[in-house]
Amino acid sequence: MKLHFHTYPNRTDHLFDRQTRSAQEAQDTDHAAIADSGTPITDEHLKTLLPETPNRPASPFTYPRPSAERSDYVGFKRFHIVSQHSADTEHGQLSKEYAYGDLSDTEDINAFLAQLDRLSPEQRNKLEHIKPSKSLLSIAERLDDEALSQLADILIDAGSTPIFSEQRRNQVPDQLVDALAALSDDVLGDTIATLASLREQGASYQAPTSPVSLDEHGQEHLLMASYDREKFWKHKINQPVEEIELLHTFSDLLISGKFKGEDLSTLNTHLQQSTFEQSRGILDMATVIKPFEKHSMLEMLDEADKDSEPNIFAYLSQQVDLSAHRQYYQSENNDMVVQQDLPPSDSDRGRLYSDILTAYDEYGLGWINDALEHVADTPPQIQRQLWSQLLDDAAQFEDQFIRSDALESWANQAITPILHAFHDQQIERIREFNSEREVPDYLGNLTYFGSMRQATISATDTTESIQSRAVNNNHSGEE
């Protein structure tokens, strides 16, 4: 029996008992040469590594030593090859049964180690933190070197969570492996490419800019921020950083099995061609819509122009953007106060997306794009109300909506009352928050100032020009 153990330069000492190294110097030198050359280690070599005593069988074999190879990734452990049984000292024989994750067959273990040999040291180290299994082995054998290297990154990121997060993702890499292993070769390669593309989109993410000035530490000059601290921080610490946000969402979607076959191929194609914001909207809609709505979503996805502004999916991405749910108001003393809300629930977003898909089925994407010209710049908190009223009015006043200027006329009449009521509500929430503070601030008359600006704004747009645009569109709330 042979197991082809793989070693690294300057790491062979991990295979020895340090306390007995001086007494076994000659034997160690012989074995070090074998290990360094990559020669398979046989039972005879294992007997050298596991010396027996008259009254005690050899210790269970572990390769590499756990104490020598500590995990480099929070929430992960590094997997090792271990012997499943102790040696039979009566006959001087070592056990020939080993386990490496879920693998127990010697051929499977050697085949898995051969896949690890295809990777660079960094990528190999990552994949050694994913449980070896027949599913992972089958995937590795179907991928080329580049895709296998990408898979190592993907699986580590898919299971990563913030240090203080209450929701761990320890099982996600294994679940994702099982989901990927069930795909055909073509769809598997395409899906790996999509996951890699989402990592790249996350790396290109640019945080939105504040409409207020910042201090030397990059902090906003604010009098106060009104929000539910407990709910806000619980939500925030459980969110992945934007660099891996899309990867997490798509991984969870793949595990759910909601999109398969041609539907998954269509989704892959569009996600690879999209921007961060577009992919965020696509993935959130795909996650929360009902199964019977998938067909309409994919048709709309095929028809949507990714180069147009506003893009329907980039517009919908604000529903899960925490920074978009942040409004700034100016006090009588020109101080800035903020009302910070949380994104709507899955069910609330699902209702909005159902309205959008209903509008697509009944009126087409061109009609939706015309409506976006009027609603896209309004707060994300009122989008469900706007679309619900728009569809109700379109159905009730069908004759009026056949005119070319129907949407513009509707927007002029319907949006302003909803927008004013929203700001009145935000201002009231700020006042309630302020009144419950130990030392409330004087706010006086509050005027809507602006919201976070997405990174699409040109670098030549200064803070002053942003502020002037916000003030020109402000809304007042009386004492």
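## Ground rules

Residues are numbered from 1 along each chain as its sequence is written, and side-chain values use heavy atoms, leaving out hydrogens and water. In this predicted model, local features need pLDDT of at least 70, side-chain atom pairs count only at pLDDT 80 or more, and totals for chains, interfaces and linings use all residues.

Helices (H or I, at least four residues) and strands (E, at least two) are DSSP runs, numbered from the N terminus.

Strand S8 spans residues 336-340. Is it buried or exposed? Of its 5 residues, 5 are buried (under 20% relative accessible area; exposed is over 50%, partly exposed in between; 1.4 Å probe, protein chains only). In a regular strand, side chains alternate between the two faces of the sheet. Both faces of S8 are covered. Met-336, Val-338 and Gln-340 lie on one side. Val-337 and Gln-339 lie on the other.

S8 pairs with strand S6 (residues 224-226) in the parallel sense, over 3 bridges. Pairing requires at least two DSSP bridges between two strands. Met-224 has Val-337 of S8 as its bridge partner. Strand S7 (residues 326-330) runs antiparallel to S8, and 5 bridges join them. Here Gln-327 is partnered by Gln-339 of S8. The hairpin of S7 and S8 has 5 residues between the strands. In this hairpin, Asn-334 takes a positive phi near 65°.

Two packed helices are described by the angle between their axes and the distance between the axes. Axes are lines fitted to C-alpha atoms, for helices over the stretch in contact, and angles run from 0 to 180 degrees between N-to-C directions.

Helix H6 (residues 145-158) packs on helix H10 (residues 242-256) at about 85°, with axes 9 Å apart. That makes H6 roughly perpendicular to H10 (65 to 115 degrees; under 35 is roughly parallel, over 145 roughly antiparallel, the rest oblique). H6 brings Ile-154, Asp-157 and Ala-158 to the contact (heavy atoms within 4.5 Å). H10 brings Ile-244, Leu-247, His-248 and Ser-251. By class, 4 are nonpolar, 2 polar and 1 charged. Ala, Val, Leu, Ile, Met, Phe, Trp, Tyr, Cys and Pro count as nonpolar, Asp, Glu, Lys and Arg as charged, and the others, Gly among them, as polar.

## H16 against H17

Helix H16 (residues 365-375) and helix H17 (residues 383-396) pack at about 130°, with axes 12 Å apart. They are therefore oblique to each other. The crossing is right-handed (the near helix is turned clockwise from the far one by less than a right angle; left-handed if anticlockwise).

On the H16 side stand Trp-367, Ile-368, Ala-371, Leu-372 and Val-375. They meet Gln-383, Leu-386, Trp-387, Leu-390, Leu-391 and Ala-394 of H17. The contact holds 10 nonpolar residues, 1 polar and no charged.

## H13 against H15

Helix H13 (residues 294-303) and helix H15 (residues 346-363) cross at roughly 70°, their axes coming within 10 Å. They are therefore roughly perpendicular. This crossing is left-handed.

Ser-296, Met-297, Glu-299, Met-300 and Glu-303 of H13 touch the group Ile-356, Leu-357, Tyr-360 and Asp-361 of H15. The classes are 5 nonpolar, 1 polar and 3 charged.

## Gln-115

Where does Gln-115 sit? Its place is in helix H3 (residues 106-116). Gln-115 is buried, with a relative accessible area of 12%. Leaving aside neighbours within four places in sequence, Gln-115 contacts Leu-137, Ala-140, Glu-141 and Leu-148.
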